[in-house]
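Biologist: Please take a close look at how the parts of this model meet, and state the cut-offs behind each term.

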Amino acid sequence: MTQRGTLDIVNLKKTFNVNGNTTPVLENINLKVKQGEFVSIIGPSGCGKTTLLRLVIGLENSYEGQILLDGKRINGPGLDRGVVFQDHRLLPWLTVERNVGLGLEGKRNGNGVNKQIVEAHLKLVGLQGFEKVYPAQLSGGMAQRAAIARALVNQPELLLLDEPLGALDALTRMYMQLELEKIWQREADVTMIMITHDVEEAIYLSDKVVIMSSRPGTIKKIIRVELPRPRDRASYDFMKLKEEILEEFQLHAENVFSYAI
Amino acid sequence: MDVNKVVLKLRGLALPLALLAVWWIITKNEWVSAVFLPPPETVAATCVKLLLKGKIFVDLNESITKVAQGFLIGITAGFVLGTAMGLSSTIEKLFGPLFNAVRQVPILGWIPILILIFGLTELAKIIFIALGAFYPMTLNTFDGCRQLKKEYLEVARVFEFNKPRLLWRFILPSALPSILSGIRVSMSEAWMLVIGAEIFFKTRGGLGDMMWEAKSKVQMDIVFITILIIGLIGFILNHVMKILENRLLRWRSSN
Amino acid sequence: MKKVITLILGLVLPVLILIGMEVVARFELTTSQLFVEPKVIFETLVDLIKGDELFINLGISTLRVFIGFVLGAAAGLFFGTVMGISRTFESYVGPIFNALRQVPVLAWIPLFIIWVGIDEGFKITFIAVTAFFPMALNTCEGVKGVSKSHLEVGAVLEINRFKQLSTIIIPASLPAIFTGLRLVLSITWMAVVGAELVASSEGIGYMMYRARQQLQVDTLLVCILAVGLTGYVMNILLEQIEHYFLRWRKVAG
């Protein structure tokens with residue numbers, strides 16, 4: 001019996017058909033994610049990391065190999081997986097409250113139960129008081145928090161984040177990283193997988209950083225991050241790890257330090 | 001209200017007042033026969049007389065009843081066909097070409113054939129009005145149903161929404177702006193066509209008939225007043241729809 | 001293959017309607033004078049195409065539309081541009097323009113008949129007025145919508161007022177102007193039919209009016225077909241012109 005929220009990817013291969021030519025997008029992907037782990041996937045654009053995530057979400061269906069959630073093969077989307085997209089994708093015609101409650105609509109919970117769940121999650125992401133507000137009135141960071149709350153209301157085993165902070169400005173982004181860490185710590189048994197191309201963000205948040213390379217997309221290296229939390233971005237160990245990862249992308253060390261100043 | 005806005009409002013009044021003055025001077029000096037241009041005071045007096053006599057309200061009521069029936073039939077049919085074509089590409093391919101072909105015929109061109117088939121009846125007029133409301137409603141609803149972005153469809157899939165919930169929560173709300181403007185356009189179209197129907201079908205009753213009769217008797221003052229009333233009602237209908245749109249589409253504004 | 005299926009699906013309903021009419025004719029399901037067999041309609045169509053009547057009337061109507069369209073659209077274009085550029089002008093004229101715009105176009109007919117009579121002048125005036133309002137409105141909105149940054153480019157380059165109009169404002173509002181033109185085309189085409197139904201002794205609207213009085217359903221249907229087709233062709237012509245003028249909007253590749 002596998003634990004709830006375990007993801008097992010075995011010998012995954014995915015090809016796309018473009019004008020009759022088959023191009024491999026992902027090849028020989030093997031990845032194990034334990035319950036409650038925070039894993040980041042990082043790689044250059046075009047390395048297939050988004051395709052990998054879409055396969056786990058279930059938005060792409062045909063693949064070779066196995067993607068197993070709790071030992072069961074993934075086939076199509078399901079409420080056991082929550083998703084946060086880069087563009088928050090809140091429905092503009094629903095208030096924040098109803099957006100967050102979207103996933104509960106099918107469930108006939110008793111009086112006010114759904115309302116309580118929604119309230120609790122708004123509190124979790126720090127959006128109390130914004131229940132009746134429409135998405136167009138929210139800032140980017142707030143909208144993304146609402147999207148995170150929406151993804152969590154169904155108590156998914158797995159939270160999949162597709163560059164969730166990619167569209168935010170640098171300061172909001174750092175702030176949201178703190179928030180995301182807090183959320184992850186409070187929802188201790190939810191496994192989180194995040195796609196990013198920000199190395200610092202990956203190290204700051206993850207237990208494991210998966211580095212991918214492109215054409216075809218393969219896993220180049222998996223680096224464990226065992227720094228104590230909350231992590232200090234300026235610490236020596238943090239910088240060393242960052243350097244190590246950047247080296248994988250053949251970026252020189254000087255760049256790292258000039259960037260850090 | 002700041003001074004600038006008051007100035008702008010006052011400027012807007014300048015031209016109408018000047019026109020009124022010119023009108024008054026022309027009629028005072030009888031440069032133009034009162035038959036073609038009755039003096040402003042005569043028009044005002046006739047207006048009061050008409051309102052007191054009350055027959056105008058009977059005509060008004062008749063026009064509005066007719067337009068309401070035609071409009072409701074037209075937008076309902078347009079909503080159904082537009083949604084069906086928007087949701088199913090098979091239905092679109094089936095009905096689209098015929099719809100587009102029929103639409104090329106200017107709406108007034110249908111009058112003779114409607115008269116031939118249905119005679120000079122209320123039914124003929126209502127069908128005529130409904131047809132006029134039907135086109136813009138169908139087009140706007142169809143367009144609206146195609147508005148939903150692929151990204152949102154993915155959200156629906158992630159939450160495992162079934163077809164009816166997808167329609168209710170995603171497709172119709174995203175189509176709403178387009179549908180509402182369809183209703184507004186259909187409404188002003190229907191309002192124009194009810195006047196047209198009363199003129200072209202040459203039957204008794206309604207504001208259009210009142211106008212036509214005034215024309216035949218060369219009662220210019222009544223022609224003026226009916227134009228004014230027809231314009232005013234058109235304006236009110238449009239305005240009410242706009243208020244409704246703003247209320248229903250509050251989610252679009254960022255403040 | 002897909003295109004063929006689309007074409008076939010599009011033909012299903014028209015063919016069904018024709019078959020339905022044919023069945024009614026074969027089995028003599030109706031004795032109504034109003035019912036005509038598809039065969040008769042087709043024969044009338046061929047007759048009318050061979051003869052002059054249809055084309056003369058269509059030509060007259062088209063000429064009326066053309067004159068009214070040009071006059072009304074030109075006036076609307078000018079008026080709309082000035083109103084879009086000058087806020088002072090708009091503040092004086094805007095309110096009365098917006099008030100007059102509320103009157104449904106068909107409601108002007110009686111007024112024009114009294115003032116202008118029922119001759120050619122009436123038809124042209126009526127068509128031009130129906131063209132004027134939408135044209136002015138679209139142009140004005142187009143001109144107002146010219147982006148500030150483009151105007152700033154003009155200011156930085158110190159282009160004079162006239163140059164600014166011809167090189168920035170007009171080209172930038174061209175898409176809105178063409179939207180207006182297309183709208184105006186379909187409205188004027190409707191207006192000519194209306195004007196001819198009310199008072200005329202020639203033109204396609206009159207031909208329809210006469211066919212109705214003489215219960216010639218076949219002629220009436222052919223007229224409807226001709227009116228629709230002419231409107232469609234004019235629309236396509238306008239689209240071609242629009243494509244030519246707006247070729248800078250085309251996406252590369």
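Modeller: An automatic or database domain assignment divides chain C into domain 1 (1-33) and domain 2 (36-247). The model is predicted, so local features need pLDDT of at least 70 and side-chain atom pairs pLDDT 80 or more, while totals for chains, interfaces and linings use all residues. Residues are numbered from 1 along each chain as written, chains are lettered from A and ligands numbered from 1 in the order written, and side-chain values use heavy atoms, without hydrogens and water.

The C-alpha centres of the two domains of chain C lie 34 Å apart. In contact (heavy atoms within 4.5 Å) are 5 residues of domain 1 and 5 residues of domain 2 of chain C. The area buried between these domains (accessible area, 1.4 Å probe, lost on being put together and summed over both) is about 420 Å², with 68% from carbon and sulfur atoms. Between them the count of salt bridges (side-chain nitrogen of Lys or Arg within 4 Å of a carboxyl oxygen of Asp or Glu) is 0.

Turning to another interface, 21 residues of chain B are in contact with 28 residues of chain A. These two chains bury about 2,200 Å² between them, 62% of it on carbon and sulfur atoms. Phe159(B), Arg169(B) and Trp251(B) supply 31% of the area that chain B buries against chain A, more than any other three residues. The interface of chain B and chain A holds 4 salt bridges. A salt bridge joins the side chains of Glu105(A) and Arg165(B), at 3.6 Å from N to O.
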